[in-house]
Each structure stands twice: as structure tokens, then as C-alpha cells.
Amino acid sequence: MKTLNNIVASLVFLGAFLQSCNMKQNVDLIGYNGVVYTVDSAFSIAEAFAVKDGKFAAVGTTADITGKYQSSQMIDFKGSPVYPGFIDAHCHLLELGQNLLSADLKGCLSLEEAIGRVKAFRAAHPDLKMISGAGWDQNLWKNKSLPDNVLLSDTFKDIPVCLTRIDGHAVLANEAAIRFLGLRVQDESLDSTECIVRAGRFTGIFMENMAVRFKTEFSPVVADNLESSLLEAQQECFRYGLTSVCDAEEEYATLQALLNLSKKDSLRLKVDAWPLPTPENFEKVDRPFVFKNIKVDTYKLYRDGALGSRGSLLKQDYSDMPGLKGLEFYPLDTFRRYCRWCYDHGFRVATHCIGDEANASALDVYAELLKGKNDLGWRIEHAQIVADEDIDKFRRYSVIPSVQPTHCTSDMFWAKDRLGSRLRTGYRYKELLDELGWLPSGTDFPIESVNPVYTFFAAVFRKNLDFLPEDGFQMENALSRTEALRSMTIWAAKSTKEDSSKGSIEAGKAADFVTTDTDLMTASEKQVPGTRVTGTWINGISVYGL
């Protein structure tokens, strides 16, 4: 009798177990046993989540999720950290693809080293009819003056060579490249502020709009391989955990290539694409739209150039070059006209502003249109040097300061030469965060590394990858780890008005998430830069994994 009772009890238990299994909801994916940084409003830490139809269906403990849901795809995170998909709030996709087809000059410690790399690149690509390279920075050289092209021209006499500075706002071109463009010193139509001439000859340094002209002519990416270059850039983004990006300048052809890739489902990366103010874009992109994973509702404008090449627009002279205040990218009236067009056509504006005068003048033009507090989401990109009297304009006119923390750690050892005591007003990320209570961040790749872990490291520790300076740079403007992670997830999503649909691990939002081999929130300072992304998922689908 006792045995019979045991059998009956076992059958009852089995029936209840089977019934409970049948009551579980089927989902597409379950991730469990993780340290899940949800980045919700409370910055909650969970263990598991369920994904259905590309969205998070539920988030909670492992017991809770596995007790309520079942899936054929189970991911055991084994205690690893999990974050929302990283979002780059300012980058250049096509330039990243282009740089993969150019000589890499980043980190060169002299002009001779840079030219040596170009020689090696040419040897590896003997069929090229012209050569491009990118990433040189004279501030890393013993002689920190902008270089002359004599050595470059002597080394490459017959093939045009164009080498872009690290910031993208200046190029060094050899004589063959100058001849290729048909430039003459006597041509009065050339902007003399953008062409450095000495002793009646071009030095090979061309800045701003002239630099754009050279880069366009010497781009290794042409119409028939735009798409393949963008796909190469996409894969590099996935490798570093980026699931969404703001692509910060689009010619019409590039935008069309992105849309074609999205139409074919080849582009999985979520792209907030910003057209440039070209006649073609104004004619053909005259209203905001969304197509699948491509969003177009922002135009990219410029007020100035870069600090390293003394192209950023300052209120007072450069400390190391009296008489020079920098360059306007185009006249203020033209900038004002572009802003008015965008406002009238329902577009947001994102303006490149490095110098304090660039920031001040852009904010003042914004103020003319925005009047006061608003929800339009206009942006200042970089907001690198902001005078005390201008910083509250971000709050007064609800303007988003979009920053790139690695610029701070790239510039910090030479920026004082340019700015003197004004350095205090530079790279003031914490103060900018306090204006609106939030702050998006990005990398500005390929000017800086694609890796958002470096963004996090620079924002929190204010040191370069050699862990210098020992006490950090202007640490009063460092971000906390929580703020830094928010800046590259939920706040970056908020900057594109998409924080209700992505940017955190919450039920109902897109299932974009990333795993790493080191916990950014608890790792030691020395561990953080070496952190590797081990997996990247977009809408619950794996797009990268080690």
C-alpha cells in the first residue's frame, strides 16, 4: 500500500511538473546567470532576461525568468557582465571603411616614420594610382610644427599622395597631388587661410574646405565599393560592441548606400544618419524619415575646425600663435541660413564646435530659433572649449552637448600650448552633464579608436592608455562609472530621441546587448582598457562573438 501511495504521489508530481512546463511561455532567447546592468532609471542589476520578437520580454532573476519562460536558445552568461548595446553618439562610418583601405599613420612619432609607413603601404598595394593615408599628428613629434611636403615629394615623385591629419581637418599633400588638382599659388580664388604658402610655394598643408577637396579626390572609396566599405565598418563596430551609431556626416551617395544595404537586410547596425548641408541633400532629403534601421532627422553643420591644427575658432588669439583666432568653416550668415532651413523643414541640427567662439556663436544662433526651453533636441558636437559665460546656454535652450572623452586624453599634453589659462574651460564634461542632467558620448572614430571601452576609461579616469597623468587630467570634470555607462547607452539613445525603444535592458525595448570579459563597473583602473567584447546582439540576434 505504501508503495502504491508512493507511485501515485510520483505521478501527481510528474503531472504537475509537466503541466508547469506547458504553462511556461515560449520565447526566442533566454540569457541567464549574468550580471546584467540594465541601465534603467534605478540602474538596477538583474541576472537574466527573456527575448521575444527582437525585444526584451522580461528581466529579473535567473529563477524567475527560467521559471516563467522556455526557449530553444539558452545563453548561460556564467557570471559575466551584460550591458545594453553600446551606442556611439558621434562617428564616421564611411571614413572608418576608407581608413581600412589607407595607410595607417596613427601613433607615428615623426614625419619620417609616417612616410616609412606610406612606403610600406605602397609596396603592399603596387597597383594603386594614388595613395591616401590618415592619422598623423605632429603634436607627437619632436618638431611640433605642421610639416612641409619636401620629404614626402622627394620620396614619392610620380604618384599623388594625400595624408590626412588625425582630426580630419588638415592634409599633407605631395607636389604630385597638388599638380593633380591643378592648384597654383597665384590663383586668387583659393582661400589663403586654408592653404599654407611659404616662399611662394605650397607647403602641402591644406585645411578645412581645401582638406575636404583633397580627401574627396583621394578617397579610396568610390561609388562602386561604398557598400562594401560600409559593411567592413559595420563589422568593426560589432567587434567592439556597438549596436547603434550616429553617423556624423553623409553625402547623398553614402546615405543611398546605407539605405540600399538596409533594404537588403545586410545592414544590421542601427544608424542615425546626418546629411551634410549640400545642395543635393537639401533637394533630395527635405523632410525627416525612418527606413527600417536608418533614421534621418538631423543635419550636420560646422562652425570651425580642430584645435590641433589651429582651426578651431577662439574668442582670443591662440596662446602659441598671436594674431590667429582660428577658422570659420563657413560664414556665420551661411550657418544661420542652414539652421533656419533645418528648423523650417523639421530637422534637428548637430553642429561641430571646438573653440569657445564657435560654441558661443552656434548657441546664439540656436537661441534665435529655439527661443527658450524646448524638446527639439538640437545638439552641439564636441563642445570642447566652452567659456564660462556660455555654458548655461545649453540649459537655457535645451541644447544637447555631445562629447568624445578620448579627445580629452589625446589633447591634454599639448592643449595648454594652444589655450594657456583657457585650458580650464576645455573638456568640461561633468559641468556640461550638469546643465541638462545627462550627456551622450561617442568616439568620433576613426579620428579616435572605435573601441567604446576607451570612451569609458577616458571619461572616468581622464588618463591615456599609458595611464598618464598619474593623478588624471582636470579630474573635477571626470564622470562616474555609472554616468559614463549611461552616456554610451541610454543617454546616447536619448540624444536621438530613441530612449523609449532602446538604450537599456527593460521589457519592451529592443534586445540589443553586449557581454565583456571584464566588468567595467568593478574592474581596477589598470584592467579597464584591456576589456574585450565577447558578444554583441542586435534585436536578440548574435552579430559578433569570440
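By class, the second largest pocket is lined by seven nonpolar, five polar and 10 charged residues. Here Ala, Val, Leu, Ile, Met, Phe, Trp, Tyr, Cys and Pro count as nonpolar, Asp, Glu, Lys and Arg as charged, and the others, Gly among them, as polar.

A quick word on the source: this is a predicted model, where local features need pLDDT of at least 70 and side-chain atom pairs count only at pLDDT 80 or more, while totals for chains, interfaces and linings use all residues. Residues are numbered from 1 along each chain as its sequence is written, and side-chain values use heavy atoms, with hydrogens and water left out.

Back to the pocket. Its volume is about 440 Å³, and of its 22 lining residues, Lys270, Lys292, Asn293, Ala510 and Asn539 lie nearest the centre. A pocket here is an open set of points on a 1 Å grid over the protein atoms alone, where a 1.4 Å probe fits, with protein on both sides within 12 Å along at least five of seven lines; lining residues have an atom within 4 Å of a point. The volume is the space filled by probe spheres set on the points, which are joined across faces, edges and corners. Strands S18 (270-275) and S20 (294-296) each supply at least two lining residues, and S18 gives the largest share, three. Strands (E, at least two residues) and helices (H or I, at least four) are DSSP runs, numbered from the N terminus.

Now for the sheet. Four strands make an open one, in the order S6-S5-S2-S8, with mixed pairing. S6 (55-60) and S8 (74-76) stand at the edges with a single partner strand each, so one side of each has no neighbour in the sheet. Strands pair if DSSP finds at least two bridges between them. S2 (residues 29-32) and S8 run parallel and are joined by three bridges; in one of these strands, S8, aspartate 76 is the bridge partner of tyrosine 32.

Finally, here are two buried residues (buried means under 20% relative accessible area, with a 1.4 Å probe and protein chains only).

| Residue | Relative accessible area | C-alpha separation |
|---|---|---|
| Proline 440 | 0% | 24 Å to leucine 258 |
| Valine 161 | 0% | 11 Å to lysine 119 |

Proline 440 is in the loop between helices H16 (429-436) and H17 (452-461). Leaving aside neighbours within four places in sequence, its contacts (heavy atoms within 4.5 Å) include Ala89, Pro401 and Trp491. Valine 161 belongs to strand S13 (residues 161-165) and, not counting residues up to four places away, touches Ile131, Phe156 and Phe218, among others.

Terms used:
Buried means under 20% relative accessible area, exposed over 50%, partly exposed in between (1.4 Å probe, protein chains only).
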